[in-house]
Amino acid sequence: MKSRLSSLLDAFLPVLATLAALLVGAIMLLLLKANPLVAYKALWDGAFGSTNAVAETLVKATPFLLVGLGICISFRANVMNVGGEGQMIIGAIFATWVGLNGKGMPGWILITLSMLAGVLGGGIWGGIPGILKAYFNVNEILSTIMMNAIAVQLMNYLLRGPMIDPAQAKAASQIPQTARLDEIYRLPRLVPTRLHLGALIAVILAILVYVLLWRTTLGFRIRAVGENPDAAKYGGIKVQRYVVIALLLGGAFAGLAGATQVFGVNYRIITDGSSTGFTGNAGFNGIVAALFGQLHPLLTIPASIFFGGLLVGANTMQRMVQVPSALITALNGLVVIFVVSSEIWRKKRQRRREVVALQINEPPESQAKSKETGA
Amino acid sequence: MISDLFSTTVIIGIISSGIRLATPYLYASLGETFSQRSGVLNLGVEGQMLMGAFAAFYVALKFGSLWGGVLAAILVGAVLGLAMAFVSINLQAAQGISGIGFYLFGLGMSNLLFQKMIGTVETVQGFPKIHIPFLSDIPGIGEIFFSHNVLVYIAFFLVPVAWFVLNKTTLGLKIRAVGENPDAADSLGVSVIRVRYFTVIFGGIMSALGGASLSIALLNVFQQNMTSGLGFIAVALVYFGGWRPWGILGGALLFSMVNSLQLWIQVLGIPIPSEIALMMPYILTILVLVVSTSKVRGPSALSKPFERGD
């Protein structure tokens, strides 16, 4: 009973952290001479006020969810994958290349192949840092950041050179973009809005990732490696292999996110020279969503919708109360900071529980010691 | 033409602007070295740079004072560093992730303030070049080393200073002790918390100065997301340089020289895809990390929150 109440409190921590962030946002709005209530009302209407608004929110949430699912897997293995941006870009490039070069194939076959190519591209881009971490002890935060930068340059190169839209290659403008995908090779829309099949795929995958993490040996091992690599190794798990798998899967999901952005929303890749120009920061916002969903694939669904809604609503807010939508990016940052900071209360409560359990059971000295060193 | 690249003037130009472009990396990476040496990974450098760049630019534009701009950047950097210190030291938050939070916050906030308080693209008259008498008249050498603005000179001067502080002073010893073995340092009476607060705030100030060097000394404009990943590279340079100021200098120069080279390639209209050149330093960094992690070891307590055992 007690533990249930406690876990309920744990689940509410991110909500409390968000409320705190929104409160700070309200103060910032006041400082910007905008009425916070009017602003947040506009934000809500912009995100969920109409069918179209909801559809836009879900479109925005789709890459967050896909990247976030990969983050759930990576972070569960205690692998800090911050390479979502680069993995999305490479996934998009692989998928687009297949989509543009497979003309003549039936639509659904080529779309499927393209999505798989996206998965492959992202998987490669995540797998490389995985191998570097597992076998060469290279910090994955750094290598994934480097891989992001390399991916951006690769995209810029391909879109100005080999993959440039033939029309642009002839024109004087030379806009760095690929050709547009033919209509039959685009992800079908679900309702008469911009909502596309990618959103549904993402939700199905969320369920599959849940099953993977908690109902399969692979998932168990990934989590074991994350919780205590020494114990996992002692238990016969090849830790290095699962580090690679965790990053590879993380990259694969981000790659799919990039592919669905092209095939469901933009129908081509276009670059402004930076990664955010293509990804809209989804590589980082996916981390935000996954953390907000407590690295649980199913909770990451509402978390992604929440952050998608914030960003879509931000545009309405900008129009209604003349507050730049950049405010929402700043608030997203605060949510992350508050959520990771609030972890300390969860840890403290957990430790109190352990102390109580120790007092009740009075385990031998050695057991208490091993617990300490494992922490 | 490709042969243009090998004329003396162009080579001097490339090296000279390469030295200038190393400035933001140097500030941010040297500051990050101090945080990491004490055991705190600050991944929010990019956000701190953007905020520093904006603060400095705003003050320079509205009040016409460049040094006022530098001061504003220092203040903003200190506040952000303080926040990062509180979150990672007192609240013991996962440092890699809270850093992403600070990045997003700085990215959004600097853009928001820019749109609200400035709005349009403006330029400022940045720090002027200082020609050091006699030395700047030496052909070639003069242009390369002795005709830069003051923030460039300070950045390079800080390299030996950082080396000296870290390796030859009591403060440096405390910082290293806290980063290697906080429990031992604590038992010897060193306040782990105070040392880490100092280094993280210092890191914030240095990142903000790196941003300021972009907005009021090198580019003299402010744009949203103007650092575009530079702050993340600065963090990587700390690893690249093996947590040593001189190694960081080498890494910063490598990145800035390649950047400078590709700028000149574009200016001269040489048909080499500059993106490939721009990719090289990142690939090289990864290779260096592969080779060096077996030899150079980082601070043992890096990114581990400290808690006094009872």
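In the predicted model, helix 1 and helix 9 of chain B are roughly antiparallel to each other, because their axes cross at roughly 170°, above the limit of 145 degrees for that class. The axes of helix 1, which covers residues 8–37, and helix 9, which covers residues 192–218, come within 7 Å. On the side of helix 1 of chain B, the contact includes Arg20(B), Pro24(B), Tyr27(B), Glu32(B) and Phe34(B). Helix 9 of chain B contributes, among others, Val200(B), Phe202(B), Ile205(B), Met206(B), Leu209(B) and Leu214(B). By class, this contact comprises twelve nonpolar, eight polar and two charged residues.

Helix 10 of chain B is largely enclosed by the rest of the structure, since eleven of its eleven residues are buried. The buried residues run from Leu230(B) to Phe240(B) and include Phe232(B), Ile233(B), Val235(B), Leu237(B) and Tyr239(B). The cover over these residues comes from both chains: it includes helix 6 (140–160) of chain A, together with helix 1, helix 2 (45–63), helix 9, helix 11 (245–267) and helix 12 of chain B. Two backbone features are found on either side of this helix. Asn225(B) lies in the loop between helix 9 and helix 10 of chain B and has a positive phi of about 55°, although it is not a glycine. Most residues other than glycine have a negative phi. With 17 C-beta neighbours inside 10 Å, Asn225(B) counts as partly exposed. Helix 10 of chain B is followed by Gly242(B), whose phi is also positive, near 60°.

Chain B as a whole contains twelve helices and two strands. From the N terminus on, its elements follow the order α-α-α-α-β-α-β-α-α-α-α-α-α-α. The radius of gyration of chain B is 20 Å, close to the 19 Å given by the globule rule for 310 residues, so the chain is as compact as a globular protein of that length. Its C-alpha atoms fill a box of roughly 70 × 45 × 40 Å along the principal axes. Of the 310 residues of chain B, 54% count as buried. Among contacts in chain B with a separation of 6 or more, 77% are accounted for by residues 24 or more positions apart.

The interface between the chains brings 40 residues of chain B into contact with 40 residues of chain A. The elements of chain B that give two or more residues to this side are helix 4 (95–117), helix 10 (230–240) and helix 12 (274–292). Helix 4 of chain B gives the most, with 16 residues. The side of chain B that touches chain A divides into 26 nonpolar, twelve polar and two charged residues.

Two positions in chain A were also examined. Ala224(A) is placed in helix 9 (residues 217–227) of chain A and is partly exposed, with 19 other C-beta atoms within 10 Å. Leaving aside residues up to four places away in sequence, Ala224(A) touches Ala232(A), Gly235(A) and Ile237(A). Ala224(A) and Asn78(A) are 146 residues apart in sequence, and their C-alpha atoms are 9.6 Å apart in space. Gln322(A) is located in the loop between helix 14 (297–321) and helix 15 (326–361) of chain A. Although Gln322(A) is not a glycine, its phi is positive, at about 55°. This residue counts as partly exposed, with 13 C-beta neighbours inside 10 Å.

Conventions: Residues numbered from 1 in each chain as written. Chains lettered and ligands numbered in written order. Predicted model: local features only at pLDDT ≥ 70, side-chain atom pairs only at ≥ 80, totals over all residues. Contact = placed C-beta atoms within 7 Å. Helix = DSSP H or I, 4+ residues; strand = E, 2+ residues; numbered from the N terminus. Nonpolar A, V, L, I, M, F, W, Y, C, P; charged D, E, K, R; others polar. Axes fitted to C-alpha atoms, helices over the stretch in contact; angles between N-to-C directions. Parallel < 35°, antiparallel > 145°, perpendicular 65-115°, else oblique. Buried ≥ 20, exposed ≤ 12 C-beta atoms within 10 Å, placed from the backbone. Rg over C-alpha atoms; globule rule 2.2 N^0.38 Å.
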